[in-house]
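The following exercises are to be worked with the sequence and the coordinates at hand. Each task is followed by a solution in steps.

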Amino acid sequence: MRKIGVFVCHCGLNIAGTVDVKRVAERCAEIPGVVHSEDYSYMCSDPGQNLIAEAIEEKDLEGIVVAACSPTMHEPTFRAAAEAAGLNPYQVQMANIREQCSWVHPDDEEEATRKAEGIVGAAVEKVRRDEPLVPHEIPITKKAMVVGGGITGMQAALDIADAGYPVILVEREATIGGRMAQLSETFPTLDCASCILTPKMAEVGRHPLIELMAYSEVEEVSGSVGNFRVRVRQKPTYVDWDACMGCMQCQQQCPSEVESEFERGLGTKKAIGVDFPQAIPNRPKIDPEHCAHLRGDFCWLCSRSCPVDAIDYEQEERIVEEEVGAIVLSTGYDMLPQEVLGEYGYGKYPDVIDSMAFERMKSSSGPTGGEIRRPSDGEIPKEVVFIQCAGSRDPDKGQSYCSKICCMYTAKHATLYHHSVPDGQAYIFYTDVRAGGKGYEEFVQRTVEEDNALYLRGRVSRVYPEGDKILVKGVDTLSDENVEIHADLVVLATAVTPRTDAREMARIFNVGTDEHGFLNEAHIKLRPVETTTPGVYVAGAVRGPRDISDAAAEASGAASKVAMLLSREEMETDPLIAEVDEGDCSGCLWCVAACPFDAIEEKYLTRRVGDREVSRRVVEVNVGVCQGCGACTVACRDGAMNLKGYKDEQILAEVESICLIAGSQQ
Amino acid sequence: MSDSWQPTIVAFACQWCTYAGADLAGTSRIPYPPSVRVIKVPCSARVDPSFVIRAFQRGADGVLVSGCHPGDCHYMEGNYLTRRRFSLAKPFMSYLGLEPGRVRVEWISAAEGQRFAEIVREMTGDIRALGPNRKMRERL
């Protein structure tokens, strides 16, 4: 029988004021196997820890119970003390007789003492069955992957690469830059977005440690923290990017002009080419839906114009396997689709546009060359109505949340509009103006005071055309008056939404989402860039609406987490994980279905019987992936699966001890 | 049964939510009857319904299985498994003859010290009214 030591702490009077600690120590000494039992005023103090160390060394203890506070308080302290004295730290159990006993039963010393005896007794039975455990050491692949090449992903990739680790940056579109590349100016300083973004894009493109995989998507992820295997699908661009020099002769020659999603429907693009001139990589792709050649027509204009013969109409998609130690997800956001906002005539009337279209209009490289013009007739609008919360803070539309950035960009739009059209009038319908951020409130005040924007608190009820104007009917809830504005242009601050395929991505990377589809962090306040899957980090608008400053800060936060992980040669993992007895396992795979982390895999055992090979299916626990929840142990029909530190026999021994001691006390 | 009789309630508490909630009841000094003995498990999904039956066999008068609120599981979906398992196991135990008030499955968060104390109070009262459990009992 293993030799157990019990150490009962007084915690001053916190425990000893209610529980008869001497009696608890005496009773515990009677439990078979307990060869040492004592009490002391403060076990966590240096003299207290020395008592424990001396007893471990003198009596060769093979397990100790410290009856004191909650394990969340001092379990690490006592595990370290035990380890220093030569006892395995996983052969230490805390018996919580403070938070769960003396503090909640202050008026009944007898009952509190009986309960303490029960708690300590159960801990003795548990620790008796604790095996010495060692954390697993697994090597780390010193390389990271960042998924999503907007401002967040670029910042994360640059920070990780600058820390000295290779990074693969995967981007779905043919160029990095993301949403920020569509913007004109940025609040609260009115820097031009391209002026601060494109140098960063170029830096990403030329960084020796960043490998850019543009026009690619992640298909599948396996493995675990430190050693992920990622399958990436490189979509066909029909252009040999290695041969191409980026002269864009092809784009000039292409006869197919189509509506551009990048320009939010306000402009066109060619069936071959780049979305914007500063694209990185600066390489064209063919849009197969609109390319005359790929649709079967007789057209070789791009191919003929190419000086290096880089056009390849036969190109096919490629699957690439990469190994990385850590992953950052920064795939950003979408905007509420047109059909959800029918009442504003969005998608029906050309002069009702969304904010991103306004950004393109204001962009000097955009479809109107930076001039604000009505899409219907190209006139300069003299009355512009901005409608905030178009879909946001509206549970009926599915977005109960605040999109956070709209108050600021609408103020920015009104300011930019006033700068472009000084004799025009901007009206802003708002719910509340939320301008929390450095310099934000001051910016909004300037929009009102210097740029003459008229803020109307209230919602818009109807928007419909009247002559060549758009009639906007709403109510100003501060003056309680109905408002009608004959507008030339209506701009909707449409809600920020998760990417339409965010849930699919969450499944691929095994990350949780909130009810809307934004990815969940491990802890909203204290672990904001980690996820519940170790080694997978999140940053930026993939977590929820964010402005550029917040997104960049989170990107650097995630990058530093990645650098911390990759800076180690090997990684220790918690040994309290599931283990399977292959002899008892029947290979039914019920545990596989119960595991929330895909940590259990099937495998086959083969052995020779006579001259035949017999193979049998069992399961195997991936020690790097298992989080130790124990769901599989209950699912296991053979009793073959167990959780270290919480084995069936340990929990049952606790149950029996509790019932036995309680019964003897009746 | 008299008010002085102290039933034995075995509580399986997940370490992330309910165990921390029970600790909070302590740090907030919210008193509750000394009837309950907590067994810490990583997740409520670690609680095999057979542990519950064993507790009754050995003389427990009530069993509480408690974890994080649905949607809050540290392991993402562990408590959904608990909910499914016990939505089968509870009616079965009642069919075997255990009064429904003796087995409870509750979601108690790390912030709900008050709720932990209330549930222990309620269960203790209900079980006092039922009296000691005799079904399946086999004292060692």
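**Exercise 1. Backbone geometry**

Solution. A:Y238 is placed in the loop between β12 (227–234) and α8 (249–253) of chain A; helices (H or I, at least four residues) and strands (E, at least two) are DSSP runs, numbered from the N terminus. Although A:Y238 is not a glycine, its phi is positive, about 65°. The model is a predicted one, in which local features need pLDDT of at least 70 and side-chain atom pairs count only at pLDDT 80 or more, while totals for chains, interfaces and linings use all residues. Residues are numbered from 1 along each chain as its sequence is written, and chains are lettered from A and ligands numbered from 1 in the order in which they are written.

Task: is A:Y238 buried or exposed?

Solution. A residue is buried if 20 or more other C-beta atoms lie within 10 Å of its own, exposed if 12 or fewer, and partly exposed in between, with C-beta atoms placed from the backbone. A:Y238 has 23 other C-beta atoms within 10 Å and is therefore buried.

Solution. The bond from A:F187 to A:P188 is cis, with omega near -5°; A:P188 belongs to the loop between β8 (185–186) and β9 (191–192) of chain A. The bond joining A:I280 and A:P281 is also cis, with omega about -5°; A:P281 is in the loop between β15 (272–273) and β16 (285–286) of chain A.

**Exercise 2. A covered strand**

Task: how many residues of strand β2 (residues 36–41) of chain B are buried, and how is β2(B) joined to β1(B)?

Solution. First, 6 of the 6 residues of β2(B) are buried. Third, β1 (residues 9–14) of chain B runs parallel to β2(B) and is joined to it by 6 bridges; two strands pair if DSSP finds at least two bridges between them. Within this pairing, B:A13 stands opposite B:K40. Finally, the chain passes from β1(B) through helix α1 (residues 18–27) of chain B to β2(B) in a right-handed β-α-β crossover, meaning that, with the strands pointing away from the viewer, the path from the first strand over the helix to the second runs clockwise.

**Exercise 3. An enclosed helix**

Task: why is helix α10 (residues 355–362) of chain A described as largely enclosed?

Solution. Because 8 of its 8 residues are buried, α10(A) is largely enclosed by the rest of the structure. Among these buried residues are A:F358, A:E359 and A:R360. They belong to a set that packs against β19 (333–335), β20 (352–354), α11 (406–420) and β27 (489–494) of chain A, where contact requires C-beta atoms, placed from the backbone, within 7 Å.

**Exercise 4. The interface**

Task: how many residues of chain A are in contact with chain B?

Solution. 39 residues of chain A are in contact with 37 residues of chain B. The largest share of the chain A side, 10 residues, comes from α17(A).

How values were computed
Two residues are in contact if their C-beta atoms, placed from the backbone, lie within 7 Å.
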